[in-house]
Amino acid sequence: MAERRQRRLPDLGTGLFAVGLAEAASNLAGDSLIDRAGDVAVATTPLPVIEETIKRLGTTDKPFLRANLMAGGALAIGLLGSRRGSLSRQVLLAGAGLLAAGLGRRALDAREAAAVRDFELPVPTPLERVGDGADDWPGAEPFDTEPGRFYATDINLRAPAVELDSWRLEVRSPGTEARLSIDELTALGLHERDAALVCVHNRPGWDRLGQQRWTGVPIENVLSAAGALPEDPAGFDLVTEAVDGYSQIIPLAEALARRSWVVVGMAGRPLPREHGYPARVMTPGLVGQYNGVKWLHRLAVTPSGSERAWWVRRGWPDELIEVPPMARIDSPANTGMPPRLPPPPVGVPGGRVDVVGTAWAPPHGVEAVELRVDGGAWVEAELAAEVNGDSWRRWRARPELDPGSHTLEARCRSRSGALQEGSPSEPFPYGCGAFHTVELTAR
Ligand SMILES: Nc1nc2c(c(=O)[nH]1)N[C@H]1C(S)=C(S)[C@@H](COP(=O)(O)O)O[C@H]1N2
Ligand SMILES: [Mo]
């Protein structure tokens, strides 16, 4: 009886061993089976499931998917056989499989890191650093988000590793085609600009956005150097296509009016791999999903409506989506992103409390931030100096808190006149509504 029951157990040890070895072998050959499976999973998972996963996992969705794929593969193989041998044999096999996969991944990382080489960013007129005057506000988020802390999100489990020497930016329009190397691209004249980048999935309090100084070439200059700029942009789309098969499309007139540009640098260095090395398109004020692709390899000027973008084919709206204005409370506490547990209650001394945050409304700029306590009247916060409309703006306030628990809420008013939407809405399809809310206990 006991024997029969044991025989029914899937052979998970052997399953993990087999998956680990297969993954390691594919890694040594310069690829990753798990990540390929992940690409298929992302491309075929129904939109509502993707939305729910991002909501629950924030930016940990990728490691979660990778672990699940590995476990799923191991289970599938394990079900083919029945469990043989002792538990310790199972654990040993599983451990060996995980070790092989870990070593394979390291080998692949090293190989791909070697493909990514530095290139020069000759900026004729570097942008002056004026600053917003809030660097010494206690509790303030740094104005520039460190590249290593800057959210990264895309449809890939593994960021593409582009080999710079063979990379060319293809620029096409009806009747013209040009191919630019990285040196030819940067020789068109590099500019620097400060701007925030915001994901449509950013929820109140989340950090699915960042602020940085970017380096690049205006789309206009790239197209005209390639002879691909039509005299009248009306009736044309700008198709941006990436090496991962992903695409985004912006009506050409909008791309020009909104100052789309081909970006090659972040924080004064070539783009890090996860942020689109060696080139991406960015369009100030549009959410990340609509502002141009990372790992750019083709720019095409096509008759309007002749192609559909990757997410539009999956059900996202065909129209451009602007970043909704939003304010975030960073100090004395932020509620944090999932899958972190709810934070412990935050205690502050009673009386006047320093509250510091960030707010953004690109490309128009932040006109005002308001804070309210316990659903009371909105009170205007002090704003740091405005760097430009594309960037976020730091703010602070000093509400008076009686002993007891309190709810703080912040909202942002855009220079466009739009006021942050307070009623909760999901990121799909126009970005999140609701105010960022923080609970505090004053002593
Ligand atoms: N090639 C490619 N570009 C892409 C994506 C992608 O999946 N593939 N995702 C977009 C989305 S949804 C966002 S929010 C931004 C994120 O840029 P980041 O990872 O540098 O923060 O990249 C955009 N560009
Ligand atoms: Mo996004």
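How many nonpolar, polar and charged residues does the lining of the largest cavity have? In this predicted model, the lining of the largest cavity has 11 nonpolar residues, three polar residues and two charged residues. The volume of this largest cavity is about 110 Å³. Its lining consists of 16 residues, of which A195, A196, M282, T283 and P284 are the closest to the centre. Strand 3, which spans residues 191-198, gives the most to this lining, contributing five residues.

The structure holds two cavities of 30 Å³ or more. The second largest cavity has a volume of about 50 Å³. Its lining is made up of V198, C199, V200, N202, V287, V323, P324, M326, W360, G431 and C432. By class, nine of the lining residues of the second largest cavity are nonpolar and two are polar, with no charged residues. Domain 2 (147-313) and domain 3 (326-442) each provide at least three residues of the lining of the second largest cavity.

The largest pocket has a volume of about 700 Å³. It is lined by 35 residues, and those closest to its centre are D61, T153, D154, I155 and W311. At least two residues of the lining of the largest pocket come from each of helix 3, helix 4 (47-57) and helix 5 (61-80). The class composition of this lining is 18 nonpolar, 10 polar and seven charged residues. Domain 1 (2-115) and domain 2 (147-313) each supply at least three residues to the lining of the largest pocket.

The second largest pocket contains about 410 Å³ of space. Of the 22 residues that line the second largest pocket, D31, R36, D39, R158 and P160 lie nearest its centre. Helix 3 and helix 6 (87-115) are the elements that give two or more residues to this lining. Helix 3 gives the most, with five residues. The lining of the second largest pocket comprises 10 nonpolar, three polar and nine charged residues. Because domain 1 (2-115) and domain 2 (147-313) both give residues to its lining, the second largest pocket lies between these two domains.

The surroundings of ligand 1 were also described. There are 20 residues around ligand 1, and Y151, I155, H275, R280 and K294 come nearest to the ligand. For Y151, a backbone N or O atom lies 2.7 Å from an oxygen atom of ligand 1. For I155, a polar backbone atom is 2.8 Å from an oxygen atom of ligand 1. I155 is also one of the residues closest to the centre of the largest pocket. In the case of R280, an N or O atom of the side chain is 2.8 Å from an oxygen atom of the ligand.

A29 is found in the loop between helix 2 (12-28) and helix 3 (33-44). A29 has a relative accessible area of 59% and is therefore exposed, the cut-off for this class being over 50%. The C-alpha atom of A29 is separated by 20 Å from that of L164, a residue 135 positions away along the chain.

Key: Residues are numbered from 1 along each chain as its sequence is written. Chains are lettered from A and ligands numbered from 1 in the order in which they are written. This is a predicted model: local features need pLDDT of at least 70, side-chain atom pairs count only at pLDDT 80 or more; totals for chains, interfaces and linings use all residues. Side-chain values use heavy atoms; hydrogens and water are left out. Helices (H or I, at least four residues) and strands (E, at least two) are DSSP runs, numbered from the N terminus. Buried means under 20% relative accessible area, exposed over 50%, partly exposed in between (1.4 Å probe, protein chains only). On a 1 Å grid over the protein atoms alone, a cavity is a set of points where a 1.4 Å probe fits but cannot get out, and a pocket is an open set with protein on both sides within 12 Å along at least five of seven lines; lining residues have an atom within 4 Å of a point. Grid points are joined across faces, edges and corners, and a volume is the space filled by probe spheres set on the points. Ala, Val, Leu, Ile, Met, Phe, Trp, Tyr, Cys and Pro count as nonpolar, Asp, Glu, Lys and Arg as charged, and the others, Gly among them, as polar. Domain bounds come from an automatic or database domain assignment. A residue is near a molecule or strand if one of its heavy atoms lies within 4 Å of it. A polar contact is a pair of N or O atoms within 3.5 Å; within protein, one must be able to donate a hydrogen and the other to accept it, and residues adjacent in sequence count only if both atoms are side-chain atoms.
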